[in-house]
Amino acid sequence: MAPDISGASPGVPIIDRLAIIGLGLIGSSIARAARRNKVATTIVAGDADPAVRARVEELALADEVAPTLAQAAEGADLVILCVPVGADAAVAQEIGLHLKRGAIVSDVGSVKSAVIAAIAPHLPPGVSLVPAHPVAGTEQSGPDAGFDSLFLHRWCILTPPEDADTGAIALVQAFWEALGSNVEIMTPAHHDLVLAITSHVPHLIAYNIVGTVAELEEATRSEVLKFSAGGFRDFTRIAASDPTMWRDVFLHNKDAVLEMLGRFNEDLTALQRMIRRGDGEGLFDLFTRTRAIRRGIVAQGQETAAPDFGRRAAETPAKP
Ligand code: NAP
């Protein structure tokens with residue numbers, strides 16, 4: 001049974017022992033935010049990489065740094081997997097038999113259906129799985145890249161399986177709210193489709209356009225870099241995202257990405273036709289609609305209008 005959080009108040013820990021597995025950008029941000037908001041009595045860190053564990057000690061990101069993932073998970077009330085989604089199955093297998101009865105396992109993966117299929121088979125009876133995806137991040141990785149306000153006023157999507165324990169869902173929701181997130185619950189399949197178009201395909205487009213530049217002959221390429229502020233620069237930020245993480249996202253959200261990519265290709269063909277036919281009205285109408293979408297995102301507090309793409313300011317956005 002998940003702990004009773006009905007009388008929980010800010011600053012009073014809602015979790016006794018929190019284990020974070022994978023102390024990269026997201027895991028270390030959770031550690032920092034959990035400590036700042038006093039969400040857990042004890043924070044335990046586990047990471048497969050000894051260099052990461054040493055850095056977590058140096059930065060004092062956790063109360064305990066466990067030598068193995070199994071030891072990190074042992075006795076924990078909430079275990080959050082913050083590793084690339086391709087590593088979830090191996091990590092779940094490694095910790096599965098060491099989880100205590102009543103523990104809740106969650107994750108932060110950018111893909112949900114495949115991650116549930118990877119983790120669930122390794123969890124013993126009496127352990128709940130409540131997957132989560134904080135829709136917040138940067139193009140940086142590693143324990144130094146995290147910061148405690150990363151999740152502030154950002155959405156966190158929970159995708160609990162149909163038979164998930166309601167107390168466990170409530171606890172994971174309260175956890176993310178305590179870190180400053182707004183929480184939404186949806187099915188894993190719907191999550192994967194929505195994120196394919198809002199996150200995965202945009203990353204693919206950025207990887208593609210920056211990849212095209214990388215293939216240009218030297219003289220043209222140096223001019224692209226010189227005049228990059230014309231739009232290319234903003235794609236390079238996205239295309240600098242972690243290669244392991246993004247390889248795993250595309251391999252594990254194949255169907256939804258291919259579906260959205262199909263629609264994208266159709267719309268691109270329509271745009272090509274407008275340009276070829278000199279359809280200025282069509283282009284103007286589309287660009288007017290897309291501008292409104294950008295303004296809607298800024299109005300919802302999910303981005304700022306700052307001309308540097310809002311990254312620095314977005315770390316401490318105004319409350320929507
Ligand atoms: P990251 O900075 O690269 O951190 C991942 C951490 O996990 C690293 O410390 C890595 O160690 C460790 N790790 C890798 N394989 C492992 C294994 N088998 N066992 C234990 N530890 C392992 O990545 P991140 O950006 O935090 O992403 C982590 C997760 O968050 C991913 O599932 C991603 O989909 C999700 N996510 C990311 C973002 C974002 O914007 N970055 C946003 C939302 C959700 P090494 O450094 O030695 O590889």
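Two strands count as paired when DSSP finds at least two bridges between them, and with that in mind the tour of this predicted model can begin at a sheet.

**First stop: the sheet**

Select β7, β8 and β9, which in that order form an open sheet of 3 strands with mixed pairing. Strands β7 (132-134) and β9 (182-185) stand at the edges, and because each has a single partner strand, one side of each is left without a neighbour in the sheet. From one strand to the next, the twist averages 20°.

Now look at the two pairings in turn, keeping in mind that strands of a sheet pair through backbone hydrogen bonds, either parallel or antiparallel. Between β7 and β8, which run antiparallel, there are 3 bridges, and if you select His-133 you will find that this residue stands opposite Ile-157 in β8.

Which cysteine sulfur is nearest to that of Cys-82? Show the side chains of Cys-82 and Cys-156 together: a disulfide requires two cysteine sulfur atoms within 2.5 Å, and by this rule the model has 0 disulfides. Cys-82 is in no disulfide, and the nearest cysteine sulfur, that of Cys-156, is 11 Å away. Seen from the other end, the sulfur of Cys-156 has its closest cysteine sulfur in Cys-82, at 11 Å, and this is too far for a bond.

Are these two residues buried or exposed? Cys-82 counts as buried because its relative accessibility is 12%, and Cys-156 is also buried, with a relative accessible area of 0%.

Finally, select the ligand and the 27 residues around it, of which Ile-26, Asp-47, Asp-49, Val-83 and Ser-110 come nearest. Three of these residues can be examined one at a time, starting with Ile-26, where a backbone N or O atom lies 2.8 Å from an oxygen atom of the ligand. Moving to Asp-47, you will find a polar atom of its side chain 2.8 Å from an oxygen atom of the ligand. At Asp-49, an N or O atom in the side chain is 2.5 Å from an oxygen atom of the ligand.

Methods: Residues are numbered from 1 along each chain as its sequence is written. This is a predicted model: local features need pLDDT of at least 70, side-chain atom pairs count only at pLDDT 80 or more; totals for chains, interfaces and linings use all residues. Side-chain values use heavy atoms; hydrogens and water are left out. Buried means under 20% relative accessible area, exposed over 50%, partly exposed in between (1.4 Å probe, protein chains only). Helices (H or I, at least four residues) and strands (E, at least two) are DSSP runs, numbered from the N terminus. Axes are lines fitted to C-alpha atoms, for helices over the stretch in contact, and angles run from 0 to 180 degrees between N-to-C directions. A residue is near a molecule or strand if one of its heavy atoms lies within 4 Å of it. A polar contact is a pair of N or O atoms within 3.5 Å; within protein, one must be able to donate a hydrogen and the other to accept it, and residues adjacent in sequence count only if both atoms are side-chain atoms.
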